[in-house]
Amino acid sequence: MDYQWYPGHMTKSIRQMQENMKLIDLVIEILDARIPVSSRNPDIDKLAQGKARMILMNKSDLADPELNSAWVNYFTEQGLNPVLTDARKNHSLKSLTPKIMEACKEKIERNKRRGIVNRPIRAMVAGIPNVGKSTFINSFTGTAAAKTGNKPGVTRGKQWIRLNKQVELLDTPGLLWPKFEDQTIGRNIALIGSMRDEILNTEELSLELIKLLAEQYPGSLNKRYGITEEGRPIDMLLSVASARGCLKKGGETDTEKAAVILLDEFRSGTIGRITLERP
Ligand code: G4P
């Protein structure tokens, strides 16, 4: 299957991001912890050149805890200041302000030397669709945050949310798009549900999932559906269908329905906490 992505507003969004970048000290890149490589856009390194960086490995509640730690180590080594988050829960975001200050310490030092003190750090959130950018901005800023409004002359039309004395956040996130350097990336994006399912072949996608689970998480399908993890992926899909009583009107096995169940239960974490990529 060919995985497709139709970003309609690519050029506009990149232009906007470039423009906003001038005002930014820190770029907070959000990715999906279940696919930490595929959910990044390599262009962000170019866009964010010279800026402090931070990575939020969001949806970490759905990802494999062991691999979460392995990826945190990996991104730390790259100087990207990773933090594991569940953007829906603001308690998971509590420790973020000190980490933001840490990520920006060079900038703060530079300002100090120039006699600039108490200037808040200005941050922008960026990431591909569906990784949780809006959810993050909403929970992180909460109700306490006040919009600082337009700053005439400087940031016309842009809304800054003042989090506290130290940090201001641009209220519109920078939208990037997945970049398919190979089909694996497309497949991964489709698997976590960030591609419209209508343009996908659900059954084929579920067979990919079965293959990956049997390889990387042996036992997980057996545990959830009581099936034996042997034979071809299609045999396992048929087993899932019969385990779940997926039948068409004439009594024929409904693999399409089983595929939908599998994908839904994978995406919601019901099959377990699963990460598809390893550092
Ligand atoms: P975006 O702005 O980057 O496009 O993403 P958005 O915040 O709209 O989030 C996409 C979906 O992911 C939402 O679910 C949101 O609730 C969910 N989500 C965001 N962060 C997390 C997280 O850390 N963990 C988990 N498990 N889910 C997260 P939705 O079903 O599209 O909407 P809703 O029904 O939850 O409102």
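Biologist: What is the distance from an oxygen atom of the ligand to a polar backbone atom of Val131?

Modeller: Keep in mind that this is a predicted model. N or O atoms within 3.5 Å of each other make a polar contact, and the pair here is a ligand oxygen and a polar backbone atom of Val131. The gap between them comes out at 3.3 Å.

Biologist: How much of the ligand's accessible area does the protein cover?

Modeller: Start with the ligand on its own, which has 710 Å² of accessible area.

Biologist: Which helix gives the most residues to the shell around the ligand?

Modeller: There are 15 residues around the ligand, and among those that come nearest are Lys133, Ser134 and Thr135. By class, the shell has four nonpolar, six polar and five charged residues. The top contributor gives three residues and covers residues 133-141: helix α6.

Biologist: Is Thr97 buried or exposed?

Modeller: Thr97 lies in helix α4. Leaving out residues up to four places away in sequence, Thr97 touches Phe140, Asn164, Gln166 and Val167. The cut-off for buried is under 20% relative accessible area. Thr97 has 14% relative accessibility, so it counts as buried.

Biologist: Now for helix α11: which residue caps its N-terminal end?

Modeller: Helix α11 runs over residues 255-267, and its 13 residues reach 18 Å from first C-alpha to last, close to the 18 Å expected. At the N-terminal end, look for a side-chain oxygen 3.3 Å from the backbone nitrogen of Glu256. That oxygen belongs to Asp254.

Biologist: Which residue just after α11 takes a positive phi?

Modeller: Go past the end of the helix, which is residue 267. Just after it, a phi of about 85 degrees turns up at Gly269.

Biologist: Which side chain makes a polar contact of 3.1 Å with the side chain of Thr255?

Modeller: Thr255 is in helix α11, and it is buried, with a relative accessible area of 12%. Beyond its neighbours within four places in sequence, Thr255 is in contact with Glu203, Leu237 and Leu238. The partner joined to Thr255 by the 3.1 Å side-chain contact is Glu203.

Terms used
Residues are numbered from 1 along each chain as its sequence is written. This is a predicted model: local features need pLDDT of at least 70, side-chain atom pairs count only at pLDDT 80 or more; totals for chains, interfaces and linings use all residues. Side-chain values use heavy atoms; hydrogens and water are left out. A residue is near a molecule or strand if one of its heavy atoms lies within 4 Å of it. A polar contact is a pair of N or O atoms within 3.5 Å; within protein, one must be able to donate a hydrogen and the other to accept it, and residues adjacent in sequence count only if both atoms are side-chain atoms. Accessible areas come from the Shrake-Rupley method with a 1.4 Å probe; for residues, only the protein chains shown count as cover. Helices (H or I, at least four residues) and strands (E, at least two) are DSSP runs, numbered from the N terminus. Ala, Val, Leu, Ile, Met, Phe, Trp, Tyr, Cys and Pro count as nonpolar, Asp, Glu, Lys and Arg as charged, and the others, Gly among them, as polar. Buried means under 20% relative accessible area, exposed over 50%, partly exposed in between (1.4 Å probe, protein chains only). Contact means heavy atoms within 4.5 Å. The expected span of a helix is 1.5 Å times one less than its number of residues.
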